[in-house]
Amino acid sequence: MSGKQPPRAWQRMLSGRRLDLLDPSPLDVEIVDIAHGLARVARWNGQTHGDHAFSVAQHCLVVEEIFRRQNPASRADEWQMALLHDAPEYVIGDMISPFKSFVGGGYKTIESRLEAAVHLRFGLPPHPTALLKSAIKKADTVSAYFEATELAGFTMAEARKFFGQPRDISKDNLPLVPMPALVAQRLFVERFEAIETARAQAK
């Protein structure tokens with residue numbers, strides 16, 4: 001026996017939780033950790049205009065806003081899943097789409113387990129239905145178009161090619177100006193708590 005220890009597969013959180021990345025428990029998920037992590041993960045590998053990175057936390061706020069505009073009859077549970085659609089990235093980071101296609105299924109497996117742990121922690125279904133996932137993805141793609149053209153240096157023609165032209169929605173009043181991490185973190189938590197209040201009132 002070599003006595004060699006297996007590689008560490010857990011992440012220590014500032015809340016004190018220790019999250020197992022391979023077998024995450026909902027009991028080790030805290031919204032403060034999610035908000036803290038997402039506010040410090042940069043979209044577009046940081047290749048955006050502005051004094052601050054455009055964080056995943058801010059992106060999630062934009063996507064949830066677009067989702068509600070596109071789905072006026074949606075419920076608070078669905079808003080929360082839209083807000084949390086990239087929550088696994090608080091521990092595994094944001095990998096740009098061109099690279100994800102080369103990584104293989106391992107990344108998706110870990111992402112799916114983390115999504116289930118996050119959702120269960122907050123009393124949501126482990127995963128959105130196929131219909132809801134498609135609606136959130138549509139909002140996500142609209143956000144990507146606006147981010148690409150406003151922040152990431154894409155021409156409109158390039159953005160239309162990769163993300164499609166948004167229809168029946170504009171960038172007006174969307175929070176697209178990159179925020180300091182602490183501001184994005186605070187607004188993410190505030191929006192999460194507001195949706196939790198709406199969920200409780202709907203029961």
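The model is predicted. In total, 14 salt bridges are counted. Three of them are described below: R68 with E64, E65 with R69, and E196 with R199.

- Side chains of opposite charge can pair when their charged atoms come close.
- R68 and E64 form a salt bridge in which the closest N and O atoms are 2.7 Å apart.
- Helix α2 spans residues 56-70, and R68 and E64 sit four residues apart in this helix, so about one helical turn separates them.
- R68 has a relative accessibility of 26% and therefore counts as partly exposed.
- E64 counts as buried because its relative accessibility is 1%, which is under the 20% limit.
- A salt bridge also links E65 to R69, with 2.9 Å between the closest N and O atoms.
- E65 and R69 are likewise separated by about one helical turn, because they are four residues apart in helix α2.
- R69 is partly exposed, at 32% relative accessibility.

- The side chains of E196 and R199 are joined by a salt bridge with an N to O distance of 2.8 Å.
- Helix α9 runs over residues 181-202, and E196 and R199 lie three residues apart in this helix, so they are separated by about one helical turn.
- E196 counts as partly exposed, with a relative accessibility of 25%.
- R199 has a relative accessibility of 6% and so counts as buried.

- Salt bridges with shared partners connect E64, E65, R68, R69 and R191 into one network.
- Among the members of this network, E64 is buried, whereas R68 and R69 are partly exposed.

- T149 is part of helix α7, which covers residues 130-150.
- The relative accessibility of T149 is 19%, so T149 counts as buried; the limit for this class is under 20%.
- A polar atom of the T149 side chain lies 3.3 Å from the backbone oxygen of F146.
- With neighbours within four places in sequence left aside, T149 is in contact with F154, T155, M156 and A159.

Technical notes:
Residues are numbered from 1 along each chain as its sequence is written. This is a predicted model: local features need pLDDT of at least 70, side-chain atom pairs count only at pLDDT 80 or more; totals for chains, interfaces and linings use all residues. Side-chain values use heavy atoms; hydrogens and water are left out. Helices (H or I, at least four residues) and strands (E, at least two) are DSSP runs, numbered from the N terminus. Buried means under 20% relative accessible area, exposed over 50%, partly exposed in between (1.4 Å probe, protein chains only). A polar contact is a pair of N or O atoms within 3.5 Å; within protein, one must be able to donate a hydrogen and the other to accept it, and residues adjacent in sequence count only if both atoms are side-chain atoms. Contact means heavy atoms within 4.5 Å. A salt bridge is a side-chain nitrogen of Lys or Arg within 4 Å of a carboxyl oxygen of Asp or Glu.
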